[in-house]
Amino acid sequence: MERLDMNCWRRALNFGILLCCLMITVACSKEDDEESDPLLEALPGELTLTDNEDGSASGFITLNTNRRWKIYGNADWLKVTPMNGEPAEGEQIITLSAPINKSRDIRKTVLTIEDADFQWRRRFLEVSQNPGGLYIEKKNGVFTVNGVTFKLIKVPKGTFTMGSKSTDDTVEENERPTRMVTISDFCIGETEVTQQLWQAVMGSNPSKTVGENLPVVNVSWNDCQDFISKLNEMTGLWFRLPTEAEWEYAARGGQRSQGFVYAGSNTLSEVGWFTSNSNNSLHEVKQLQPNELGIYDMSGNVWEWCQDWFSASYYQTSEEFNDPVGPSKGFMRVIRGGRYNWLGYDCRVARREGENPQRNDVVIGLRLAIPL
């Protein structure tokens with residue numbers, strides 16, 4: 001009996017050893033197959049789509065396969081052509097395409113590339129698409145809404161001295177001390193928002209002085225947010241008001257700045273409407289010289305709302321030096337640029353004021369911006 005039990009034990013042990021050897025052999029074979037699988041040869045782990053001239057984005061991967069394969073993914077914004085394929089000799093090109101990314105954020109998804117006959121042979125590909133800044137540039141910043149065309153000017157990133165160094169008695173303490181500020185790439189309106197553009201978006205014109213190519217006025221900061229929200233819905237883009245730092249950087253001419261007191265000149269009458277040349281009236285956009293970047297009317301004509309809360313002591317207390325966005329709270333919003341019915345010192349590029357965000361006035365309008 002003991003001898004019989006010993007034989008059973010030996011047979012079981014031998015079977016177990018044989019089974020282990022078989023499993024190891026299969027595993028090694030599987031690993032070898034996976035490593036040498038032509039389907040997976042030279043596949044990248046990630047891919048970023050590239051913006052195209054036509055407002056789309058695309059990329060591709062190359063498969064070397066003699067087996068059937070499939071690709072799985074669940075992103076509704078990404079199209080993969082083809083999604084599956086039959087055995088073929090040599091390379092097969094898989095195209096990935098998407099409409100332009102009009103969101104503010106990078107979007108990502110993961111594709112699974114799988115051998116259709118041996119599902120455990122697979123690789124994963126992370127596909128990402130950046131916001132469509134290049135799309136905006138390739139359109140040369142020109143947009144049309146309900147038949148009305150408007151343009152934004154690219155302002156390349158750079159560092160500048162924000163505030164006023166002048167000791168002139170017309171300089172306010174809220175312009176001091178100067179500070180070095182770095183701004184990322186963005187676009188800003190070639191002109192103020194005109195009444196015809198506001199009408200095209202909102203279906204009405206709040207301005208008391210009426211004219212298609214006049215800046216829209218009598219709009220509060222809150223009104224501007226409603227206008228921008230509706231414009232973004234219509235275009236799928238992400239327009240906003242410029243930050244105060246962006247506004248001043250653009251007004252000074254960005255990287256092309258020649259250090260003028262006003263936006264494009266040291267002689268205000270060349271670039272801006274104010275009490276000495278305006279005949280006390282609002283003027284159409286683009287009637288005077290632009291600044292170094294080709295932007296019009298940033299000195300004079302109308303004050304322009306900025307995104308930031310206003311604080312008279314902000315320059316003295318803030319430690320924001322990279323793309324500053326202003327105080328986290330406040331009672332007034334920043335206005336910049338001066339107005340047609342006041343003195344020249346109001347129109348300096350460093351001049352800053354605050355205004356109740358609910359106030360609408362005949363001398364306050366807005367200018368659009370968009371990040372890149």
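Reply: The crossing of α3 and α4 is left-handed. This is a predicted model, in which local features need pLDDT of at least 70 and side-chain atom pairs count only at pLDDT 80 or more, while totals for chains, interfaces and linings use all residues. Residues are numbered from 1 along each chain as its sequence is written, and side-chain values use heavy atoms, without hydrogens and water.

Me: What makes the crossing of α3 and α4 left-handed?

Reply: A crossing has that name if the near helix is turned anticlockwise from the far one by less than a right angle, and is right-handed if clockwise. The crossing of α3 and α4 falls under the left-handed case. Helices here are DSSP runs of H or I with at least four residues, and strands are runs of E with at least two, numbered from the N terminus.

Me: Why are α3 and α4 called roughly perpendicular?

Reply: Their axes come within 9 Å and cross at roughly 65°. Axes are lines fitted to C-alpha atoms, for helices over the stretch in contact, with angles from 0 to 180 degrees between N-to-C directions. Angles under 35 degrees count as roughly parallel, over 145 as roughly antiparallel, 65 to 115 as roughly perpendicular and the rest as oblique. α3 and α4 are therefore roughly perpendicular to each other.

Me: Which residues make the contact between α3 and α4?

Reply: Contact means heavy atoms within 4.5 Å. Among the residues involved are Leu197, Trp198 and Val201 of α3, and Phe227, Lys230 and Met234 of α4. Phe227 also touches Leu366 and Leu368.

Me: What makes a set of residues a nonpolar core?

Reply: The set consists of buried Ala, Val, Leu, Ile, Met, Phe, Trp, Tyr and Cys residues joined through side-chain atoms within 4.5 Å, where buried means under 20% relative accessible area, exposed over 50% and partly exposed in between (1.4 Å probe, protein chains only). The largest such core has 40 residues, and Phe150, Phe227, Phe239, Leu366 and Leu368 touch the most other members. α4 gives the most to this core, with 5 residues.

Me: Why are β2 and β5 said to stand at the edges?

Reply: The open sheet has the order β2-β3-β7-β5, with antiparallel pairing. β2 (50-51) and β5 (79-81) each have a single partner strand, so one side of each lacks a neighbour in the sheet.

Me: How do you know that β5 and β7 pair?

Reply: Two strands pair if DSSP finds at least two bridges between them. β5 and β7 (residues 91-99) have 3 bridges, in the antiparallel sense. The bridge partner of Val80 in β7 is Leu96.

Terms used: Lists of a residue's contacts leave out its neighbours within four places in sequence.
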